Amino acid sequence: MLKYYQYSISGQDLISVISIGQLYAEGDLHNAINGYWGPLFSWLLVPFLLFKSSQSFALYSTKILSLIIGFFTLIGIRFLSYRFEMDEKIRLSILFLMIFVVLYFSLIPSFFPMDLLLLCFLVYYLYFIFDPNYSDKLFNGFVCGILGAMAYLTKEYALPFFIVHFVLFNMFHYVNDISRVKRRKILKNFAIGIVVFFIIAGAWSAIISDKYGKITTGTAGQYNYELVGPDSQGIPMWNGFMKPTNDKAITTWEDPSYDKLIKWSPFHSVKNFIFQLTIIGNNIIKTIGIIQTFSIFAILILIAYIVVCIQPPRKLISDTDYLYPLTTILLFIGGYILVFVEFRYLILVNILLILMGGYLINKLFKKTSLTDIGKIVLIILFISSFILLPVTSITQEINEGMYIYNLSNILSNQYNIHGNLASNGENSQYYTSEGVAYFLNSPYYGTNLINWKISSDSELENNFIKYKIDYYLLWDNSTANINLLSKYKEVTNGTIAGLKVYAINGR
C-alpha cells in the first residue's frame, strides 16, 4: 500500500520535522535543536537521511518509519488489551480492527507521524500503569518514567499529561493496596519513575532553554495558547512574507518559537475569562463531534463508563476496570480543550474507546443469554462501526500529493525553477505552494496577503526586493497584482493549467 501514499506531505508540520532531521543528519545542531517540535521523530529519521537523500526519498522515509512505529504500536495495543477483561474471540476481532486503525494513522496525509509515535509510547505506558500488580515490581516505575520521557521528547503535551496522570494513578494504587509493604513499593515506584522522567526531560529542557535564553520545557504550548487568544492575528506566516528560520529551512514554520504573538491570560480581565470559557465550551462540542466520528457507538461507550463511575468515591476507586480508562481519556482531552482540539490529537482516545467497547461486550455476553450467532453479529456490528472511517479514508486518500510531486518535477526539469519562492492565495494555494517548495528544496516566503488582505502592487514589489524573491507562483488565474506582474516574464508560457510562474529576479 505504501506506494499509494508516498507523496502525501501532511502539510507544513511534516516538512518542518523532515527538515530538522536533515539538519541533525548534517550535524548542524545549532539549527536542529528546536523548542517547538519534539526531537524524537527527527532523531529516528536520521538513519534514513545520512546519505544526502532526495526530498522525495526523505518523505518516503517518513512513511516507512510510520509503518515501523505502527507495527510496534500494534504490539503495544495487544499488551494493553489484556488490561481489559474480554474473551479471546473479542480480543482477536479488536486486534484485527486495530490493523486498519493503525494503517489509517500511519498513511493518511492528514495525520502527523509524531502523533502516532506519541500513541506508541503512551500505549506501553498505560499497559504498565494499569497493571493491577503494579506494586509488585520496582521495574514498573522505572519503565513508566522512561516511556513518559520518550513521549515528552515526541510532543511537549506529554509532559503535563504524564506528570498529572502518573501522580494520580500512583495515588489510585496506593489507596487500593492496604498492605503497608506494598504501599512502600508504590512510593518507591513513584519516586523512581518521577526521577527517571525528570532526568531525561530535564536534559532536553536544559538544551532548549540554553538555545532560547530562557527556562522552557518547549515553546509549542505557549505559542498555541497565544494563537487562540482574543487579540490573535493568526499564524504570522499566513499573513505576508516571512523569511524561513534558517538558510536550510523551507519555511519559517520550522521554528515558530521566534514569532511574536500577543500574550494573554484568562485572569487578566473578566472579558478574557469569558473568552476562555467560550474556548472550552466550543472545544467540548468539537471533541464530542470528533469522538462520534470514530463510531456510532463511541459516545455510547463513553456515556456507559461515566454512568458506571457515578458511585461513592471509596467504591469507585476500587472499580479500576472503569475508572482507569475513563480517567485517562478525561485527562488526555482536558488539556486540549483549554486551547484547541484536532482529530489527530485524539488517537489515544479512539484506541481506548475500542478496548472499552470490547470490555462492555464481554460483560454483556456474560450477563445475557445471547446465542453464538447473536454474539457474532454484535461483534461484527461493533468492529464494522469502528472500521468504516479508516477503510473509507484509506481508499479516498490514494495518490494524495502526487499532483504536487509531478508539478514540482515539471517546474524543476522543464523550467529549472529553484530559489526563493512566494505565491498568491491562502489555504489550499498556500499548502500547494509549500509542497512545491519542499520538492524543489527551495525556501518558501509565503503569500501576498497582509493583514488578510491582498497586498498592493507597491507592497508586493517591496517584498520581492526585500526578500530577494526569485519566482512568484500565481494560482487559479488570479488577477490580483496583475499590473505589477505584467512587468515580469511568465516562464511557463501558460502551459500549466491553473498556474503561472513569474521570474522576479533577472526579469
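# A guided tour of the model

Start with the cysteines: the count of disulfides (pairs of cysteine sulfur atoms within 2.5 Å) comes to zero. The structure is a predicted model, in which local features need pLDDT of at least 70 and side-chain atom pairs count only at pLDDT 80 or more, while totals for chains, interfaces and linings use all residues. Residues are numbered from 1 along each chain as its sequence is written, and side-chain values use heavy atoms, with hydrogens and water left out.

Select Cys120 and then Cys144. The closest cysteine sulfur to that of Cys120 belongs to Cys144 and is 15 Å away, which is too far for a bond. Cys144 is likewise in no disulfide. Cys120 counts as buried because its relative accessibility is 7%, and Cys144 counts as buried at 0%; here buried means under 20% relative accessible area, exposed means over 50%, and partly exposed lies in between, with a 1.4 Å probe and protein chains only.

Helices (H or I, at least four residues) and strands (E, at least two) are DSSP runs, numbered from the N terminus. The largest share, six residues, comes from α10. The lining divides into 28 nonpolar, 14 polar and eight charged residues, where Ala, Val, Leu, Ile, Met, Phe, Trp, Tyr, Cys and Pro count as nonpolar, Asp, Glu, Lys and Arg as charged, and the others, Gly among them, as polar.

Now select Thr447, in strand β2 (residues 444–447). Is Thr447 buried or exposed? Thr447 counts as buried, because its relative accessibility is 1%. A polar atom of its side chain lies 3.5 Å from the backbone oxygen of Gly425. Leaving aside neighbours within four places in sequence, Thr447 is in contact (heavy atoms within 4.5 Å) with residues including Trp238, Phe241, Gly425 and Tyr430.

Move on to Ser295, in the loop between α11 (270–294) and α12 (298–308). Ser295 counts as buried at 2% relative accessibility. Its side chain makes a polar contact with the side chain of Ser385 (2.7 Å); such a contact is a pair of N or O atoms within 3.5 Å, and within protein one must be able to donate a hydrogen and the other to accept it, while residues adjacent in sequence count only if both atoms are side-chain atoms.

Most residues other than glycine have a negative phi. Asn441, in the loop between α18 and β2, has a positive phi of about 55° although it is not a glycine, and Asn441 counts as partly exposed at 47% relative accessibility. Asn477, in the loop between β5 (471–475) and α20 (482–485), has a positive phi of about 50°, and Asn477 is exposed, with a relative accessible area of 54%.
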